[in-house]
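This report describes a single protein chain by its sheet, its helices and its cores. The sequence and model come first, and the description follows.

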Amino acid sequence: MSASVRAETTVRPLRAGDFNDVVSIDTQHTGTGKPAYWERVFRAFLHPRRGEFRVALAASEAGSLAGYLIGEVRAFEFGSEPCGWIFAVGVRRDHLRGGVATLLLEEACRRFREHGIETVRTMVERRDVPVLAFFRANGFVAGRFVQLERGVEE
């Protein structure tokens, strides 16, 4: 367990009853409520299809959701081996910098390892310094793939 996380913080599977808290935490961080998006995520991650390995975790403290992390095993084109992908992590503002996200990440990595996965990846917008700093502080570095993009009208 991370040294700074509160002793009463526990990690458990994300549940359907966490939906409103996840939407609220995400809205705090992004400034945009996306309940339809989160409905699709909850449907997919709380009821994975056969053969899918997904991680949907909640950090709970005194019965309240302190944070969440969602990831899955993906294998992509371009020669990428199956790896863990973290695509959503959020912590309630009053729990930021308290070790909650690290606790969730450690548990996700443990589960990926048990599933035979050796690498975990994520993608962070380069201007999102707090999230970038979190992943770097937890051992993430630039990987061997470079994400490229362009507008469809170009």
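## The sheet

β2 and β3 run antiparallel and are joined by 8 bridges. Strands here are DSSP runs of E of at least two residues, helices are runs of H or I of at least four residues, and both are numbered from the N terminus. Two strands count as paired if DSSP finds at least two bridges between them. The model is a predicted one, in which local features need pLDDT of at least 70 and side-chain atom pairs count only at pLDDT 80 or more, while totals for chains, interfaces and linings use all residues. Residues are numbered from 1 along each chain as its sequence is written, and side-chain values use heavy atoms, with hydrogens and water left out.

The sheet is open and has 5 strands in the order β1-β2-β3-β4-β5, with mixed pairing. β1 and β5 are its edge strands, each pairing on one side only. On average, neighbouring strands are turned by 30° against each other, direction ignored; axes are lines fitted to C-alpha atoms, for helices over the stretch in contact, and angles run from 0 to 180 degrees between N-to-C directions.

β2 is largely enclosed by the rest of the structure, because 8 of its 8 residues are buried. Buried means under 20% relative accessible area, exposed means over 50%, and partly exposed lies in between (1.4 Å probe, protein chains only). In a regular strand, side chains alternate between the two faces of the sheet. Arg54, Ala56, Ala58 and Ser60 are buried on one side of β2, and Val55, Leu57, Ala59 and Glu61 are buried on the other.

β1 and β2 pair in the antiparallel sense over 5 bridges. Thr10 stands opposite Ser60, and Thr9 stands opposite Glu61. On the β3 side, Arg54 has Glu72 as its bridge partner. The hairpin of β2 and β3 has 2 residues between the strands, and Ala62 takes a positive phi near 50° there.

Ser60 of β2 is buried, with a relative accessible area of 10%. Leaving out residues up to four places away in sequence, Ser60 touches Glu8, Thr9, Thr10, Arg12 and Ala66, where contact means heavy atoms within 4.5 Å.

## Helix α2

α2 covers residues 35–46 and lies across β2, β3 and β4, running at about 65° to β3. At 1.5 Å a residue its 12 residues should span 16 Å, and its end C-alpha atoms are 16 Å apart, which agrees. The expected span of a helix is 1.5 Å times one less than its number of residues.

The buried residues of α2 are Trp38, Val41, Phe42 and Phe45. They cover an arc of only 100° around the axis, which puts them on the same side of α2; the arc is that of the directions from the helix axis to the C-beta atoms. Arg40 and Arg43 are exposed on the other side. The cover over the buried residues of α2 includes α1 (19–30), β2, β3 and β4.

## Helix α3

α3 has 15 residues and should span 21 Å at 1.5 Å a residue; the distance between its end C-alpha atoms is 21 Å, which agrees. Its buried residues are Val100, Ala101, Thr102, Leu103, Leu104, Leu105, Glu107, Ala108 and Phe112. Among the elements covering them are β1 (9–13), β5 (120–122) and α4. Just after α3, Gly116 takes a positive phi of about 85°.

## Nonpolar cores

A nonpolar core is a set of buried Ala, Val, Leu, Ile, Met, Phe, Trp, Tyr and Cys residues joined through side-chain atoms within 4.5 Å. The largest has 17 residues, of which Leu69, Ile86 and Ala108 touch the most other members. The elements that give two or more residues to this core are β2 (54–61), β3 (64–74), β4 (83–91), α3 (100–114) and α4 (129–137). α3 provides the largest share, 6 residues. A second, separate core of 15 residues includes Leu14, Val41, Ala58 and Leu65.

Apart from residues up to four places away in sequence, Ile86 touches Leu69, Ile70, Gly71, Leu105, Ala108, Phe112, Val120, Arg121, Thr122 and Phe135.

Val124 is in the loop between β5 and α4 and counts as partly exposed at 22% relative accessibility. Val124 touches Val131, Leu132 and Phe135, not counting residues up to four places away in sequence. The C-alpha atoms of Val124 and Phe135 are separated by 8.8 Å, and the two residues are 11 residues apart along the chain.
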